[in-house]
Amino acid sequence: MAEVTAVAPQKKPPLPGLTGIRTFLAIGIMFFHFTPPLPEFVKPVINAGFTYISFFLLISGFVLAYNYAHRADTLKPGKFYAARLSRLYPVYLLSLLISLEMLHAEWKIRPLSEFVRGAVLTPLLLQGWSPTLATFWNTVAWTLATEAMLYLAFPHIIRMKFWPRSTGKLLALFGVFWLWELLLPTIYTVLNPDGLYNIDRYSSGYWLRALKYTPLPFVPIFLAGITLGRLHAMVELSDRVKLGLTLLSGGAALAAFYLLVPRLPYVMLHGGMLTPVFALLVWGLTGDHWVSRILGWGPIAAFGRASLCLYLLHFNTFLFIHDHHLPERLGVAKYDPWISYAFILCFAYAAFKLVEHPAQKYLLSRWVYREPKPPVEVGTPLG
């Protein structure tokens with residue numbers, strides 16, 4: 001009788017540069033929401049923090065394609081969904097539990113029917129589909145509704161037959177997705193359906209919130225990330241070339257933050273105008289060079305792995321600290337807001353070590369890798 005051996009899915013090499021860049025993106029978003037006293041020359045980088053969400057979604061599409069595109073035909077959607085849920089939902093639930101005070105505040109300011117809809121939709125990761133409820137309970141968690149929709153679509157997207165098999169066509173497809181990404185912001189800018197003027201991060205209107213927070217406008221950048229992942233698999237670049245890409249695109253991103261962000265329409269920048277620059281930076285950081293090694297260094301990489309916790313927990317935690325005047329009560333107000341940031345970083349890392357990682361490991365063992373007699377031990381394909 002022939003002996004049959006099950007083979008574990010091939011695990012791709014880690015990308016420490018992309019892990020480390022998540023640390024700076026998450027901290028940048030925290031500083032964007034609660035800006036500390038900083039020298040003037042640093043502020044343009046912080047003020048551009050609203051563009052970092054698109055950067056995160058681009059990385060997400062890229063990493064999923066990097067991990068799964070080569071085995072798209074054998075990818076089981078059910079196990080993929082379970083793996084994604086095991087990573088996202090435990091810390092998401094934690095973020096809601098520690099934000100019950102914010103839920104109470106929502107109760108006070110919203111009509112009863114709106115509050116009930118928000119209280120039902122938010123735990124189900126559906127609040128992002130409503131412009132009025134997208135920031136309900138945990139303000140920043142609207143992105144999880146977007147991620148959930150993109151994850152649901154990914155196994156079907158990655159196995160579609162329309163993906164080109166040539167470099168030129170993939171580059172053209174990336175351009176198509178970028179232009180698609182800019183379509184809705186362009187229409188909004190031309191029509192201005194909310195009748196707003198001098199639109200910036202503080203502006204609010206129903207259609208502007210739909211553009212900023214609902215999932216569908218972010219589909220093109222996720223597809224662009226998948227396309228970039230396929231390009232990366234098809235085109236071999238040396239680590240030296242990738243270092244050049246990293247330095248060139250990093251410099252271009254900084255130039256854009258200083259020169260373009262203050263001058264170009266907020267809606268267009270929020271809608272993905274910088275996507276090609278971010279894409280080059282993502283590709284460059286996949287190389288083995290001194291920049292990616294710095295980003296993969298212990299503490300930086302550790303907070304990169306905890307970036308989901310940092311993103312989900314920072315907003316309401318900062319509000320809780322200051323609504324209750326904890327720095328003043330503890331006699332450390334003179335060190336604030338820096339001591340608040342330090343606490344949030346420690347809290348996020350503790351949540352990663354004590355909640356996200358153990359819960360993910362347990363749920364993966366129950367939902368994804370559970371077999372009657374596992375023939376091999378497999379690793380966790382994190383995307």
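Gln 127 is buried, and its relative accessible area is 0%. Gln 127 sits in the loop that runs between H6 and H7. Leaving out residues up to four places away in sequence, Gln 127 touches Tyr 92, Leu 121, Thr 122, Leu 133, Ala 134, Ala 141, Trp 142 and Ala 145.

The loop between helix H6 (112-121) and helix H7 (142-158) also holds Leu 125. The backbone deserves a look here, as Leu 125 has a phi near 60°, a positive value in a residue other than glycine. Leu 125 counts as buried because its relative accessibility is 11%, and buried means under 20%.

A positive phi is also found at Asn 192, where the angle is about 45° although the residue is not a glycine. Asn 192 belongs to the loop between helix H8 (167-191) and helix H9 (206-213). With a relative accessible area of 18%, Asn 192 is buried.

Another backbone feature concerns a proline. The peptide bond leading from Asp 336 to Pro 337 is cis, and its omega is near 10°. Pro 337 is placed in the loop between helix H17 (326-329) and H18.

The packing of the helices comes next. Two packed helices are described by the angle between their axes and by the distance between those axes. For H8 and H10, the angle is about 165° and the axes are 8 Å apart. H8 and H10 are therefore roughly antiparallel to each other, since angles over 145 degrees count as such. The crossing in which H8 passes H10 is left-handed. On the H8 side, the contact is made by Thr 167, Leu 170, Leu 171, Leu 173, Phe 174, Phe 177, Trp 180 and Glu 181. H10 contributes Val 219, Pro 220, Ile 221, Leu 223, Ala 224, Thr 227, Arg 230, Leu 231 and Met 234. By class, the residues in this contact of H8 with H10 comprise 13 nonpolar, 2 polar and 2 charged.

A second pair is formed by helix H15 (residues 298-305) and helix H18 (residues 338-367), which pack at an angle of about 65° with their axes 9 Å apart. H15 is therefore roughly perpendicular to H18. The crossing of H15 and H18 is left-handed. In this contact, Ala 302, Phe 303 and Arg 305 of H15 meet Leu 345, Tyr 349, Phe 352 and Glu 356 of H18. The contact of H15 with H18 has 5 nonpolar and 2 charged residues, and no polar ones.

His 232 is located in helix H10 (residues 219-234), and with 14% relative accessibility His 232 counts as buried. Setting aside neighbours within four places in sequence, His 232 is in contact with Phe 62, Tyr 66, Lys 242, Trp 283 and Thr 286.

Asn 67 lies in helix H3, where it counts as buried at 10% relative accessibility. The C-alpha atoms of Asn 67 and Leu 280 are separated by 19 Å, and the two residues are 213 residues apart along the chain. Ala 72 occupies the loop between helix H3 (52-68) and helix H4 (77-97). This alanine is buried as well, with a relative accessible area of 6%. Not counting residues up to four places away in sequence, Ala 72 touches Ile 158 and Arg 159. Between the C-alpha atoms of Ala 72 and Ile 53, which are 19 residues apart along the chain, the separation is 26 Å.

Finally, a word on confidence. The protein has an average pLDDT of 92, and 94% of the residues score at least 70. For residues 1-8, however, pLDDT stays under 50, and the model has 4 contacts beyond four places in sequence for them. Residues 372-383 also have a pLDDT below 50, and this stretch has 24 contacts in the model beyond near neighbours in sequence. Where pLDDT is low, the predicted coordinates should not be read in detail.

Conventions
Residues are numbered from 1 along each chain as its sequence is written. This is a predicted model: local features need pLDDT of at least 70, side-chain atom pairs count only at pLDDT 80 or more; totals for chains, interfaces and linings use all residues. Side-chain values use heavy atoms; hydrogens and water are left out. Axes are lines fitted to C-alpha atoms, for helices over the stretch in contact, and angles run from 0 to 180 degrees between N-to-C directions. Helices (H or I, at least four residues) and strands (E, at least two) are DSSP runs, numbered from the N terminus. Angles under 35 degrees count as roughly parallel, over 145 as roughly antiparallel, 65 to 115 as roughly perpendicular and the rest as oblique. A crossing is left-handed if the near helix is turned anticlockwise from the far one by less than a right angle, and right-handed if clockwise. Contact means heavy atoms within 4.5 Å. Ala, Val, Leu, Ile, Met, Phe, Trp, Tyr, Cys and Pro count as nonpolar, Asp, Glu, Lys and Arg as charged, and the others, Gly among them, as polar. pLDDT is the predictor's confidence in each residue, from 0 to 100. Buried means under 20% relative accessible area, exposed over 50%, partly exposed in between (1.4 Å probe, protein chains only).
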